[in-house]
Amino acid sequence: MRRLTDQEGQKLQQIVRQGSTSSVRYRRAMMLLASAGGNRVPAIAQLVQADEDTVRDVIHRFNEIGLACLDPRWAGGRPRLLKPDDEDFVVATATTRPTKLGQPFTRWSSRKLAAHLRKVHGRVIRIGREALRCLLRRRGITFQRTKTWKESPDPDRDAKLDRIEQVLERFPDRVFAFDEFGPLGIRPTAGSCWAKQGKPNQLPATYGP
């Protein structure tokens, strides 16, 4: 390491004696003072509990830019992997009922949604569950309780309803509907889904029990 100036020596001693709110500045100041005192890199690394390459990097940076080497230069973080249109696709998928996408369940969990996005044909999106939750939260999508209507398990439901409507339209004076229990009201049951805040999905009650 090059020789310290009086001002540099005083500054380093001040940081070490008084301590610093930054542990990085404190340890780097100790490295420089130890090196200025004639200590070898292995001894300095053992003193500050750091890797020898780290000590060498700090010394080389000091020789280049002086005490500015005490301040860490953090990187900007991992680059974003999703494009804006990919984010739009994630939001659209999260707010779509899984059954409409051929999935055998009625609501997305973060794990199921992340797994589905990795398997989308022609558009594979790799995203972790925590990153997925952060993305949806940033776009105003939350997992919320909602009110939905119980769906009929009858696979021929639509065909039967079409037949009933056809008969009612063709013979309005001859047809009436009843059931043995009397009139039954359709009661909403609690559900959950990913949706815009304050705008949960609802299924309209378009048929009788």
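Author: His116 is found in helix H6; helices (H or I, at least four residues) and strands (E, at least two) are DSSP runs, numbered from the N terminus. The model is a predicted one, in which local features need pLDDT of at least 70 and side-chain atom pairs count only at pLDDT 80 or more, whereas totals for chains, interfaces and linings use all residues. Residues are numbered from 1 along each chain as its sequence is written, and side-chain values use heavy atoms, with hydrogens and water left out.

His116 counts as buried because its relative accessibility is 16%; the term buried means under 20% relative accessible area, exposed means over 50%, and partly exposed lies in between (1.4 Å probe, protein chains only). The side chain of His116 makes a polar contact with the side chain of Gln103, at 3.4 Å. Such a contact is a pair of N or O atoms within 3.5 Å; within protein, one must be able to donate a hydrogen and the other to accept it, and residues adjacent in sequence count only if both atoms are side-chain atoms.

I turn next to the charged pairs. Side chains of opposite charge can pair when their charged atoms come close. A search of the whole structure finds 9 salt bridges, each being a side-chain nitrogen of Lys or Arg within 4 Å of a carboxyl oxygen of Asp or Glu. Among them is a network that links Glu87, Asp88, Arg138 and Arg139. Glu87 is buried, at a relative accessible area of 8%, and Arg139 is partly exposed, at 28%. Arg139 also meets Asp88 in a salt bridge of 2.5 Å, N to O. Asp88 lies in helix H5 and Arg139 in the loop between H7 and S1, so this pair ties together parts that are 51 residues apart in sequence. Asp88 counts as partly exposed, at 40% relative accessibility.

Another salt bridge joins the side chains of Arg2 and Glu8, at 2.8 Å from N to O. Here Arg2 is partly exposed, at 31% relative accessibility, and Glu8 is buried, at 11%.

Some positive charges instead form a surface patch, made up of Arg111, Arg118, Lys119, Arg126 and Arg129. Patches are made of residues with over 30% relative accessible area and no salt bridge; like charges are joined within 9 Å, and nonpolar side chains (Val, Leu, Ile, Met, Phe, Trp, Tyr) within 5 Å. Arg118 lies in the loop between helix H6 (110-117) and helix H7 (129-138), and is partly exposed, with a relative accessible area of 36%.

Asp51 is found in the loop between H3 and H4 and is partly exposed, at 46% relative accessible area. A polar atom of the Asp51 side chain lies 2.9 Å from the backbone nitrogen of Asp53. Gln49 lies in the loop between helix H3 (41-48) and helix H4 (52-65) and counts as exposed, at 65% relative accessibility. Although not a glycine, Gln49 has a positive phi of about 55 degrees.

Terms used:
Areas by Shrake-Rupley, 256 points an atom, 1.4 Å probe, with all protein chains shown as cover. Lys, Arg positive; Asp, Glu negative; His and termini not counted. Charge placed at Lys NZ, Arg CZ, Asp CG, Glu CD.
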